[in-house]
Amino acid sequence: MLSLLLNVLLATNAQATIQMPLADGGKPANQANLQFELKSSPDVFSPKDMLSMPRPGQGLANPDGDLVIVPVSQYSFETKKTNKTIYISPLDSTVGPIEFPLVNGGDAFWLDSRTLAHVVNENIYAVTLDYNATALTSGLSSFVRVPRPPYLVGSFPAGSGATNFKFTGSKKVHTSPEQKDDLQHILVFSANVYPDYDLSAVKEHDEKWEDRGNSALVYDQLFVRHWDQYTTEKKSRLFSVELNWKKDDLGGSWTLGTEYFKVLEDTEHYTPVEPFGGTDDFDVSREHIVYTAKDPLVSEATHTRQNVYVVPLKGGLPPRVLTTGKQGATHSPVFSPNGRFVAWAELAEDGYESDRGVLVLYDLKTNKRWYLTQDWDRSVQSIEFANDEDHSSPTVFVTASEHGYVKVFSFPIPEFVTSEDVNKPKAPKFPKPSAITHSGSVHGVQALHNGKLLFGRSSYSGPNNVYLASGVSKADGHVDFTRVERITRFGVTELKGKDLDRGEQFWFKGAEKGREVQGWVFKPHGYGNSGNVAGDNGQAIKDKKWPAVFLIHGGPQGAWEDGWSTRWNPNVFAQQGYFVIAVNPTGSTGFGQEFTDAITKDWGGKPFEDLLHGWKYALKHYPIFDTRNGGYMTEELYFWDHDFGGLPWSKKARETGAKFSPAEFVDKWSTPQLIVHGGKDYRLAETEGLAAFNALQQRGVPSRLVLFPDENHWVLKPANSYKWHYEVFRWFDQFVGNDAE
């Protein structure tokens, strides 16, 4: 939304835009360039190269902490299909991972340290592994073998769509199956079910719904639709079921129980929270489930409030609410290793999805609640307890965005917090979290029982890979590590010889006095340190000017961060020959909450000025790009209420909307515009894109509409994404490329 606004407002900056002769009501000239081809060669990282690369997911270590599995998907332009598989890698060796194909995709998780569960087509199979550490020291790659064929553990009811699995047994270190007897072996999962909460009836209800004889959708409350789906009675709920292990002639086997426990029965709690919730919306201990869910007492269309609840593994008791009920959203609830503490990230303001996430700790034994990072001006994203025996002063690892990176921080919980003394200190002082990583974007943090820390990290120059931090050290109570090693090397082969730019930071004076604003530059393919480039005959071309692309992030509360993306990858633009500038203006995240909040009711104010200041700074300090042409990339009701100052019909909101609305400047539109929209984008309906295109066409402004009927706010399908890149660069080639007139 912000990007569309800025695209309009930036049209007033003559130095950086293209002004076209207009004739209202005239027919724009045909802009098609059917001869255009994307740059592609062994040393160029093209959109097709990016989209056909392996896409590693989050690594998951086994309970013993000596093996990790990584799900990987990879699209093939030849077969037009995505292949899904898993790789397994040792954590105590530099030997590369080996591939375990997953037939028909599916999910995988650990049943124990030597058994994988593979869920596909509503069947669970067990894959027994024989890990040979001796093979590693001998330099052999076959360090894991499968001594018996995968066997069926059990099946979920047909049509139930069970997903998001968490298993209590995977919490305990037990290489030998005989060591499993002291645990409840409960599998917790989610499924979209109807109001009867009956997993076995989902298929029948689906068939009745499809055969109801009409297509009407009737609503008495919001949401009518959200993100890319129309709301129906079918919603996400949690279930649990026993997983039992018994000895047999083959050493032992797992079997799935037949009774599914409706742990959220008699509630209106729906979790994982749509549209993006997954296993990070709940956690399991040996006795309980903790989860976050929308507050059922308020409208989810006008409130962001989510409460945190605890319920027994098999349900049977009303959920126990841990939050005050006055907060905004909550995320990433997790248990401590001993199950006594629950931690989560909490946003204070209801109705504001970009408020600062504060680390909250709740003691289930004393019922004390602590706000641990209230004085830390960073927003907690994910949380992981250290897996150690120090219950008096445990450590929590959190991820948070900071200055264009997503880092891991350690936070030592003071002993007065974990004390069973019912009296709180009058003025408790908490330490500030300490950064463990300082580059890239980290996710999927997992603390291992041996004191090591596993995490995934990507960067502008490479996709996600698994890293292992070891050599624990402590200073002032903060945990740090003396060694961080890369375990997997996904993307290394595909990126060989591509020479991707790591991104160069720059800081400049922003719109607000005394405020430094951060940005990134990415140099184009062929760019040398001196700004020269070799021509076809091998001779240097002096003083070459490069076309520039100014990337503006959306959100609007978001940020350009040092991480891999297949949607907005600055290197793809740079590799097509463009000098790329990406600025994190007012409203961006990771630079303090005040900076994020400052965009509220001021979309076209300080954020716009910051972008102009950033452009001018880049022009002054990188005077090798061509400024004659410049390229600009461009439901929930609570979003409007917060960012525009009230309900859409209120006086304040109307004034703010009119002040920054692109519709108020249509009579000044003259810059050629490419409009891309998804037909299933219910956050910003396709009528917005159609209205802009209609106006541009009627004004005679060169314009093109690219509509993806099957995509939402994001263009995600690989073939569609390739078409997106083709159309963007074809448009650029006409107006800001080397061949632009």
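Author: Strand β20, residues 306-312, pairs with β21 in the antiparallel sense over two bridges; strands here are DSSP runs of E with at least two residues, helices are runs of H or I with at least four, and both are numbered from the N terminus. Two strands pair if DSSP finds at least two bridges between them. This is a predicted model, in which local features need pLDDT of at least 70 and side-chain atom pairs count only at pLDDT 80 or more, while totals for chains, interfaces and linings use all residues. Residues are numbered from 1 along each chain as its sequence is written, and side-chain values use heavy atoms, with hydrogens and water left out.

Reader: Which residue in β21 is the bridge partner of V310?

Author: V310 has its bridge partner in β21. The partner of V310 is R320.

Reader: What is the order of the strands in the open sheet of four strands with β21?

Author: The pairing in this open sheet is antiparallel. The order is β18-β19-β20-β21.

Reader: Is V342 buried or exposed?

Author: V342 is found in strand β23, residues 341-347. Buried means under 20% relative accessible area, exposed over 50%, and partly exposed in between, with a 1.4 Å probe and protein chains only. Because its relative accessibility is 0%, V342 counts as buried.

Reader: What distance separates the C-alpha atoms of V342 and L322?

Author: V342 is in contact with residues including V290, V310, L322 and Y362, leaving aside its neighbours within four places in sequence; contact means heavy atoms within 4.5 Å. V342 and L322 are 20 residues apart along the chain. Their C-alpha atoms are separated by 9.0 Å.

Reader: How many of the eight residues of β13 are buried?

Author: β13 pairs in the antiparallel sense with strand β12 (residues 163-167) over three bridges, and eight bridges join β13 to strand β16 (residues 235-246), also antiparallel. β13 is largely enclosed by the rest of the structure, because the number of its residues that are buried is seven.

Reader: Which residue of β13 is the bridge partner of F167?

Author: F167 has its bridge partner in β13.

Reader: Why do the buried residues of α12 line one face of the helix?

Author: Helix α12, residues 686-698, has 13 residues, and those buried are G689, A692, F693, A695 and L696. What covers them includes β41 (673-678) and β42 (703-708). The arc is that of the directions from the helix axis to the C-beta atoms. The buried residues line one face because, seen down the axis of α12, they fall within an arc of 160°.

Reader: What is the phi of K80?

Author: Most residues other than glycine have a negative phi, and most peptide bonds are trans. K80 lies in the loop between β3 (67-76) and β4 (81-90), and is exposed with a relative accessible area of 62%. Its phi is positive in a residue other than glycine, near 60°.

Reader: Where does P272 lie?

Author: The peptide bond from T271 to P272 is cis, with omega near 0°. P272 lies in the loop between β17 (253-256) and β18.

Notes: The expected span of a helix is 1.5 Å times one less than its number of residues.
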